[in-house]
Amino acid sequence: MYSGRCYGYFYRLTGNNDISDELLSELFVKLVEKIGSYKGGSFEGWLFKIASNIFHDYLRSKQRRKKLLETQKMQLESEVIEYKQSDGEQIERLQKQLGRLDRDTKELIMLRFYSHLSFKEIAQMRSEPIGTTLAKMHRGLKKLRFLMEG
Amino acid sequence: MENRNQENLGELFGKFFDAEQVESCLKDFQQAERIFRDNPAPEPDDMLIANIKAEIAMRLGARKAELARRRIYRRAVAAAAVVIVAGISATLFDRTGREPGRLATASLIPTAIWESDDVTADDADLAFFATEIEQIENEVMALESDEDTSESDSTIAELEMELILISSDFWKE
């Protein structure tokens, strides 16, 4: 149940099956390690908070890699597309359009869709006012809708 | 987006946007819901799930072993603490069973003085007895240093008797 939603969350954010596999494995290992820190409340909130942290760790490591390989910057930026094409897979339309959203908005939409958390919980998780979360969400969905219909 | 948390999105948006915007927001949400429903993300591979389960089982096993080891250490430490406390207690009780110094000094100091609370009176008594003893000792020594006479012998004997008497009075209870 949770594995599918967490996998979807990682996949939509990275667009890469292998990376999603790794992140999902890491997530469940972290869950086992940190289960003692779960103090009740929304399990999904706790789960997706860890998932979000794992994704940010991944982004940071990717950034480090980018810095190390400055000469290959362009290739790394299109890492997802290259990987998928080399795999002979077709990038689905939604994934392509999601790639056009800014990272923060994309993450917010994915969090809402896959975690099933309320906006209040999401706003708390992101440490921002709920009005800000709603405004970002609205802008993001509007853009996504425009891109998908365009 | 599915409203699985029983959020009233219309009401929630109404707090931040005007009526027209609320309607637009709700429409966008419904559209997004449809888009995500029509384009589901791939599911994790069965092999991946099996690997994750195996990894978790391995880690849980290792954690159980670690917990068991810690429990044994804790019990060992607790047992050691009990032994140490018991040893210290036995030593202390053994000491309190005795009357430290009492027996050794009782033969030298009269019990009445030893147990008396009147320190001033005891000091005066001790000073008096000590002076008398010293005085008699001096007299005995003076007599012994003189030439032997029958009279002096009897005087010495007399003084010695007095000294013994005073001494015994001093240590009497």
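Which residues of H2(A) are buried?

## Helix H2 of chain A

This is a predicted model. The buried residues of H2(A) are Ser20(A), Leu23(A), Leu24(A), Leu27(A) and Phe28(A). Viewed down the axis of H2(A), these buried residues fall within an arc of 135°, so they line one face of the helix. Asp18(A) and Glu33(A) sit on the other side of H2(A), and they are exposed.

Helix H2 covers residues 17-34 of chain A, 18 residues in total. At 1.5 Å a residue it should span 26 Å; the end C-alpha atoms are 25 Å apart, which agrees.

## Where chain A touches chain B

The contact involves 30 residues of chain A and 28 residues of chain B. On chain A, five helices each supply at least two residues of the side that touches chain B: H1 (2-14), H2, H6 (93-98), H7 (103-115) and H9 (130-149). H9(A) gives the largest share of that side, eight residues. By class, the residues of the side of chain A that touches chain B are 14 nonpolar, nine polar and seven charged.

## H7 against H9 in chain A

Two packed helices are described by the angle between their axes and the distance between the axes. H7(A) and H9(A) pack at about 100°, and their axes are 9 Å apart. That angle makes H7(A) roughly perpendicular to H9(A).

From H7(A), the contact uses Thr105(A), Leu108(A), Ile109(A) and Arg112(A). They meet Thr133(A), Lys136(A), Met137(A), Arg139(A), Gly140(A) and Leu141(A) in H9(A). The contact of H7(A) with H9(A) has four nonpolar, three polar and three charged residues.

Note on methods: Residues numbered from 1 in each chain as written. Chains lettered and ligands numbered in written order. Predicted model: local features only at pLDDT ≥ 70, side-chain atom pairs only at ≥ 80, totals over all residues. Helix = DSSP H or I, 4+ residues; strand = E, 2+ residues; numbered from the N terminus. Expected span 1.5 Å × (residues − 1). Buried ≥ 20, exposed ≤ 12 C-beta atoms within 10 Å, placed from the backbone. Arc of directions from axis to C-beta. Contact = placed C-beta atoms within 7 Å. Nonpolar A, V, L, I, M, F, W, Y, C, P; charged D, E, K, R; others polar. Axes fitted to C-alpha atoms, helices over the stretch in contact; angles between N-to-C directions. Parallel < 35°, antiparallel > 145°, perpendicular 65-115°, else oblique.
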